[in-house]
Amino acid sequence: VNQIFRLYETRDRIFQRTYTEKKHYILHFDGSIRGLTVGAPVEFRGIRIGQVADIKPEWDFETFSPKTTVLIETEPQRWENLGEERVDSKKEIDMLVAKGLRAQLKTGSLLTGQLFVSIDFYPDAPKAEVKYGEKFPEFPTIPAPLQIITARVNDLLSKIETVPIEQIGKDLG
């Protein structure tokens, strides 16, 4: 008799729900992704909806800059959809992205520096669209909070450097 007996890594994994439908998306990040690993969670407001499937550094020869490509695997069956009418998943994702749905790297642990992918709504995010045509669709991202703070501090320091402090001191004296 042909039977399959599945082996699990841990006892807890035995009792986790199994989802058969998987959707893959490509994410591109410009900054460091140190602390992000294959298997890291993909979460929506703290609820796990998938995991990181692959990470690969790439060189963009159009812009002559490095970027990191992250492949995520989501499980759409984890989502409960409210409402009577369903639209196809591509149109549904496009509508959510138009409302500000973006992926962002966040710190899962300050002690270990582990990162995870957070998907949430950012209504002030720049306009973006899901890019189709590759093997997997490219989902829009926004910079990590630390990247945003670092960019703002660098911008402020650049502005301070242009202030003629010596001239102001001479004018006051």
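This is a predicted model: local features need pLDDT of at least 70, side-chain atom pairs count only at pLDDT 80 or more; totals for chains, interfaces and linings use all residues.
View 1. Trp59, Phe61 and Phe64 form a nonpolar patch on the surface, and together they have about 420 Å² of accessible area. Trp59 belongs to strand 3, which spans residues 47-60. At 44% relative accessibility, Trp59 counts as partly exposed, because this value falls between the limits of 20% and 50%.

**View 2. Thr69 within strand 4.** Thr69 lies in strand 4, which covers residues 65-74, and is buried, with a relative accessible area of 7%. Apart from residues up to four places away in sequence, Thr69 touches Ile26, Leu27 and His28, and also Asp54, Ile55, Lys56 and Glu58. With one of these residues, His28, the side chain of Thr69 makes a polar contact to the side chain, at 3.0 Å. Thr69 and Lys56 are separated by 13 residues in sequence, while their C-alpha atoms are 5.2 Å apart in space.

**View 3. The salt bridge between Glu58 and Lys56.** Glu58 and Lys56, both of which are touched by Thr69, meet through their side chains in a salt bridge with an N to O distance of 3.9 Å. Glu58 is partly exposed, with a relative accessible area of 29%, and Lys56 is likewise partly exposed, with a value of 42%.

**View 4. A salt bridge between Glu75 and Lys22.** Glu75 forms a salt bridge with Lys22, and the closest N and O atoms of the pair are 2.6 Å apart. This pair links distant parts of the chain, 53 residues apart: Glu75 sits in the loop between strand 4 and helix 2, whereas Lys22 sits in the loop between helix 1 (11-14) and strand 1. Glu75 counts as buried at 10% relative accessibility, whereas Lys22, at 34%, counts as partly exposed. By the rule applied here, the count for the model comes to 4 salt bridges.

**View 5. The largest nonpolar core and the surroundings of Ile72.** The largest nonpolar core has 23 residues, of which Leu36, Ile72, Val117, Ile119 and Phe139 touch the most other members. Two or more residues are given to this core by each of strand 1 (23-29), strand 2 (41-44), strand 3, strand 4, helix 2 (89-98), strand 5 (101-107) and strand 6 (115-121). Ile72 touches Lys23, His24, Tyr25 and Leu27, together with Val42, Gln51, Val52, Ala53, Val117 and Ile119, when residues up to four places away in sequence are not counted.

Definitions and conventions
Residues are numbered from 1 along each chain as its sequence is written. Side-chain values use heavy atoms; hydrogens and water are left out. Helices (H or I, at least four residues) and strands (E, at least two) are DSSP runs, numbered from the N terminus. Buried means under 20% relative accessible area, exposed over 50%, partly exposed in between (1.4 Å probe, protein chains only). Contact means heavy atoms within 4.5 Å. A polar contact is a pair of N or O atoms within 3.5 Å; within protein, one must be able to donate a hydrogen and the other to accept it, and residues adjacent in sequence count only if both atoms are side-chain atoms. Patches are made of residues with over 30% relative accessible area and no salt bridge: like charges are joined within 9 Å, nonpolar side chains (Val, Leu, Ile, Met, Phe, Trp, Tyr) within 5 Å. Accessible areas come from the Shrake-Rupley method with a 1.4 Å probe; for residues, only the protein chains shown count as cover. A nonpolar core is a set of buried Ala, Val, Leu, Ile, Met, Phe, Trp, Tyr and Cys residues joined through side-chain atoms within 4.5 Å.
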